Amino acid sequence: MRLVFAGTPEVAVPALDALIASERHEVVAVVTRPDAPAGRGRRLVASPVAERAEEAGIEVLKPNRPRDEEFLARLREIGPDCCPVVAYGALLPKVALDIPARGWVNLHFSLLPAWRGAAPVQHAILAGDQITGASTFLIEEGLDSGPVYGTVTEEVRPTDTSGDLLTRLAFAGSGLLAATMDGIEDGTLQAVPQPPDGVSLAPKLTVEDAQVDWAAPALRVDRVVRGCTPAPGAWTVFRGERLKLVAARPLPAEEGLAPGDLAVGKSHVHVGTGSHAVELLWVQPQGKKPMRAADWARGVRIAPGERLGAADVR
């Protein structure tokens with residue numbers, strides 16, 4: 001089939017690579033989000049998918065909105081048979097959905113109908129799911145509600161961050177998407193409607209969602225830190241400023257610390273929660289690089305009675 005691939009971030013690149021490598025299909029163009037400002041200089045930078053497509057000599061389309069008539073006209077000229085999608089980042093209007101004869105097929109990082117939405121991997125970790133996966137489905141106008149072509153499963157490991165899990169799913173899902181294209185092309189694969197039961201939503205996490213509540217149990221604190229890493233980044237407050245929590249782990253033994261209270265040793269930083277303590281492993285103060293929590297504690301010289309989680313933030 002002639003394919004137009006739609007995707008934007010690094011997590012979409014493995015799937016694009018798998019389709020470029022396919023001997024059965026041709027990626028004739030890529031659709032991605034417009035260049036965005038990045039870095040301290042805020043210069044415009046092309047998306048990872050755009051960079052990979054340009055390396056491969058593939059035409060790159062960067063519409064401001066996928067309903068722009070210039071983009072739609074070019075898509076009609078290209079005449080794709082199918083448009084595979086991975087984390088494109090914009091809502092596709094019906095006028096665009098109707099152009100490829102075999103539709104737009106999305107690789108979504110959950111076992112649908114669970115975790116429909118922008119942040120399925122983060123929500124799977126926050127919810128304590130032990131198994132998750134990826135699904136390919138035919139895009140329709142509803143939110144991730146179209147019929148499913150195929151799935152792969154993936155274990156959620158006890159120490160997984162959302163970044164760790166998403167990386168594994170990106171590679172596992174790339175094979176699933178390529179196999180889905182094969183099945184659609186030769187007619188051996190039919191999409192199956194999603195069941196009405198088991199639907200859950202995974203909206204994009206906000207900075208407010210990532211604030212750690214030290215009154216919550218240690219298990220919940222651990223899930224928030226892992227689920228919000230690398231983005232939007234779990235955080236707390238120390239001396240009126242945000243302190244990013246890069247890595248932490250629940251402690252097996254009970255420790256008599258009230259929520260937010262600190263116990264600092266030569267090589268450890270423990271924090272009380274609503275159940276038992278957690279150990280901070282890596283933190284990132286404002287304006288600084290990530291550092292070991294014990295090094296941070298030595299540098300700031302935590303005084304007796306100081307704690308994490310005060311309400312005021314500068």
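Which residues does leucine 243 touch, not counting residues up to four places away in sequence? In this predicted model, leucine 243 touches Ala234, Trp235, Thr236, Val283, Gln284, Pro285, Trp296 and Leu308, where a contact means heavy atoms within 4.5 Å. Leucine 243 sits in strand β11, residues 241-250; helices (H or I, at least four residues) and strands (E, at least two) are DSSP runs, numbered from the N terminus. At 3% relative accessibility, leucine 243 counts as buried. Buried here stands for under 20% relative accessible area, exposed for over 50%, and partly exposed for anything in between, with a 1.4 Å probe and protein chains only. Along the chain, leucine 243 and glycine 309 are 66 residues apart, and their C-alpha atoms are separated by 9.5 Å.

A quick word on the ground rules. Residues are numbered from 1 along each chain as its sequence is written, and side-chain values use heavy atoms, with hydrogens and water left out. Because the model is predicted, local features need pLDDT of at least 70 and side-chain atom pairs count only at pLDDT 80 or more, while totals for chains, interfaces and linings use all residues.

Now for the overall picture. The protein chain has eight helices and 15 strands. Its C-alpha atoms fill a box of roughly 70 × 45 × 30 Å, taken along the principal axes. Of its 314 residues, 47% count as buried. Take the contacts with a separation of 6 or more: residues 24 or more positions apart account for 65% of them.

Helix α2 covers residues 48-55, and its buried residues are Val49, Ala50 and Ala53. Seen down the axis of α2, these residues fall within an arc of 100°, so they line one face of the helix; the arc is that of the directions from the helix axis to the C-beta atoms. An α-helix has 3.6 residues a turn, so residues three or four places apart point the same way. After α2 comes glycine 57, with a positive phi near 75°.

Helix α1 also has a partner in helix α6, residues 162-186: the two pack at an angle of about 40°, with their axes 8 Å apart. Axes are lines fitted to C-alpha atoms, for helices over the stretch in contact, and angles run from 0 to 180 degrees between N-to-C directions. The crossing of α1 past α6 is right-handed, a label used if the near helix is turned clockwise from the far one by less than a right angle, with anticlockwise giving left-handed. On the α1 side, Pro14, Ala15, Ala18 and Leu19 take part, and they meet Ala170, Phe171, Ser174, Leu177, Ala178 and Met181 in α6. The residues of this contact divide into nine nonpolar, one polar and no charged.

Between β8 (131-138) and β9 (148-155) lies serine 145, whose side chain makes a polar contact with the side chain of glutamate 140 at 2.8 Å. A polar contact is a pair of N or O atoms within 3.5 Å; within protein, one must be able to donate a hydrogen and the other to accept it, and residues adjacent in sequence count only if both atoms are side-chain atoms. Aspartate 144 is in the loop between β8 and β9 too. Its phi is near 50°, a positive value in a residue other than glycine, and aspartate 144 is buried, with a relative accessible area of 12%.

Tryptophan 115, in the loop between β7 (104-108) and α5 (120-126), has a positive phi as well, near 55°. Tryptophan 115 is buried, with a relative accessible area of 14%.

The loop between α7 (218-227) and β10 (235-238) holds proline 230, and the peptide bond to it from threonine 229 is cis, with omega near 10°. Proline 232 lies in the loop between α7 and β10, and the bond from alanine 231 to proline 232 is cis, with omega near 0°.Finally, glycine 274 lies in the loop between β13 (269-271) and β14 (278-285) and counts as partly exposed, at 47% relative accessibility.

Note on methods: Ala, Val, Leu, Ile, Met, Phe, Trp, Tyr, Cys and Pro count as nonpolar, Asp, Glu, Lys and Arg as charged, and the others, Gly among them, as polar.
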